[in-house]
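Take a look at the structure below before reading on.

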Amino acid sequence: MKKFLLIVFLTFIFITSFSITKLTDIKFSNDISYAATKVDKILKDYEIQKDHLVGDIDIQLALKQINELGYFTSLNYKLDEKTGVLNIEITPNPIVKDIKVEILGDGLVDKKDILSNITLKKDIPLNITDYKNSGKNIQRLYNSKGYVYISINSNIKLNSNKLTIEATKVNNKEYKNGTLVFEIKEYSLWDIELQGDMKKLNKEKIKNELGFEFRKEYNNKFFLFRPDVKETYLSIQKYYQIMNKLKQLEYFDENTKMGFKEINIKENKGGELLLVFSGKPKQIIDKDIKIKNVVFKGNNSIDNFKLKESISLFMKKETISNIDLLNALDNLKKVYLDNGYLYVNITPIIENNIITFKFDEMKVGKVEISKEATAKTQDYIINSFVKIKEGNVLNQKDLRNTYTSFTGSGFYSKLDILPKEDGDKIDIILKPKESTKLRKFMFGGTWTPLENKQWYEGFSFTTDLKMPNPFGYGQTFGLNVKLNPVSNQYEAGFDYNVIKLFSSNVDMGFNSKYMYLPSGKYESTFGSTITNQISVGISPRFKISDFSYITTSMAYNDYTKEDNSKYSDFTASTGFLYNKLDGLYRVYNGEYLSLDVMGGINVIEPSKKYLGGNIETKYFTTFQKFTLGTRVKVGYVNDPSNLKSFYSIGGMYTVRGYDFGTLNADSQLLMNAELSYELSTQTIPIDLFIFGDYGNAKDDPSKLLEDSIWSFGTGLKLTIPMLGQVRFEYSWDKNLVGKYTFGFGQVF
């Protein structure tokens, strides 16, 4: 009997739990049109449809999956077994009326890019899944730009199991209920903090040696001396730079701990972090000791007197502490770093109260060039760019010269230099990346207002198309065109240059030019007007050392006069060139020197000839955001037969504020100075600048300082990749007459 009752009870439980009902209708308490397709699919997967038999378990599983769509705060159901109607009670999330992004910081990432990574949709209930994914997308976007330290919040609130999108105020902007605001806080690095025994160290010295632009110092600088504000944010690259600096400092070892701590600085827009050092500094001596003398050993690259100067205070002490010794080691290493020696190990040896600093100057081991699989440049070309020599003490200058040689050639867009320690040597791996741009296009031009002429007649243009290294043998092909409607002068030319000709130290250039002057151009040399000019020349160049060359050139020129008669001459020059400028368009640092002697002879009348020379120097130096550039150019030609007018002063590329060719003669003096302030370093660098120009051209060089012309002014220049500089200038001449000029191309 008992067994029978148990079977009946279990049967009742089974029937109750797994009862099924034939559906006649499915009703939702709220509109679900925004998710209808997905909801219908889920119900269909569980066969929850009209005229189908369904059970509670199927309904519960389906509703669980529907809830995972992310649109709903709660889901419940009632199944009327008598009528077969399934009522699904839905509480949707609040409607997203609008989506906004507010950045608490300096905008490391553009708002448009952030909005494009938000997958939420407006005018439908908030989708929690899309909301979470949007946050992850924003974090990934920042990470792709190199920034890790951000936080993402919003105005979504959970109160009593109910979600709301509340009204909020961010960055002094007010937002109403229903406007979802992503609030992104960007964290800059404010300062460092020393804790515990680390407080014994000199905090300011450590900060200076880390080389990071801490926000605290940034805020205290005069605005003109501030770098780009993004420098105050700890990117992944800057994090690794700090870690490498810490390895170079003598204060830290495995007992030192590093971390970050958030602080609040009201004056800043975003968040701030402290770089915290705790634990203990490196321990070399465990108690104070007396010293009698200091000795240096193994310092082959740095003189003793320089090392003594760096630790002069240390050498005066009779008793030293562990911190004193760490400071001395750090100062000695800094001397090496300041002189470009990046890898040196310094070991203090203490015997009989004498401290011996033993220097291990690490030398270059193997130099390996890792080429791309698609690289076409020949090995002898690549090897000529490498300035790092096996067996030499590794110096930053050699690394910098190697980088400049690769990227300055125009053949490469990038060079990665990877040092790798191998015992007592440093192996160097070079990874050059060939430029994918087969052409370099430069466009230059000027506009000058002309009296009694249409505005468009004041334009003149120059274009230069180059194809660097198309076959991998160091060749560069060039086409150039000059159109000058102002003087009715038109030119076209072809250039060909090759470096390391047949794997030698000789570079070879070839150039040709045709000039057409439909209105003619009067030349005092000929006593008549010329209408055409054809020129052909070659210019071999012999490499003496890095960045230094012996230059030569030879050219043949043929002129057609207005009466169709001819004049021809042959010219030649030889000289010396040193070029270490670090850029083609926008130069920051470097030196340039050019010396040459030139001569020419009239082919038709060989008794008529000339001889002269030129000197040109350029110097650029950068301090923070200011760049000072100077040029001095002097030239003289002895031309008793008056064959040519050699020098022209005046115009946008010599003395600004004057017309082109204001002065023409056989000797010249030209001086330019320009101080630029970098407004932006983005894709198109922008500079504000002031300048001063001075020049003269005379047939008698002893009178070059008489009746000179000069000008000064200000302007704005944009350095556009593959195009060059675009300049807007206003200048005053020696009579303080102002003139506005717009043009292309740098002055020097």
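What follows begins with the model itself and then turns to its parts.

This is a predicted model, in which local features need pLDDT of at least 70, side-chain atom pairs count only at pLDDT 80 or more, and totals for chains, interfaces and linings use all residues. Residues are numbered from 1 along each chain as its sequence is written, and side-chain values use heavy atoms, with hydrogens and water left out.

Helices (H or I, at least four residues) and strands (E, at least two) are DSSP runs, numbered from the N terminus. Helix H11 covers residues 322-338. At 1.5 Å a residue, counted for one less than the number of residues, its 17 residues should span 24 Å, and the end C-alpha atoms of H11 are 24 Å apart, which agrees. Of these 17 residues, 12 are buried, meaning under 20% relative accessible area with a 1.4 Å probe and protein chains only. Among them are Ile323, Leu326 and Tyr336. Just after H11, Gly340 has a positive phi of about 90 degrees.

H11 also supplies at least two residues of the lining of the second largest pocket, as does helix H8 (236-248). H8 gives the most, with seven residues.

Further along is strand S39 (residues 709-720), whose covered face includes Ile709 and Thr719, while its uncovered face includes Trp710 and Leu718. S39 pairs with strand S38 (residues 686-698) in the antiparallel sense over 10 bridges; to pair, two strands need at least two bridges found by DSSP. Here Ile686 stands opposite Leu718. S39 is also joined to strand S40 (residues 724-733) by 10 bridges, again antiparallel, and Thr719 stands opposite Gln725 in S40.

How values were computed. Buried means under 20% relative accessible area, exposed over 50%, partly exposed in between (1.4 Å probe, protein chains only).
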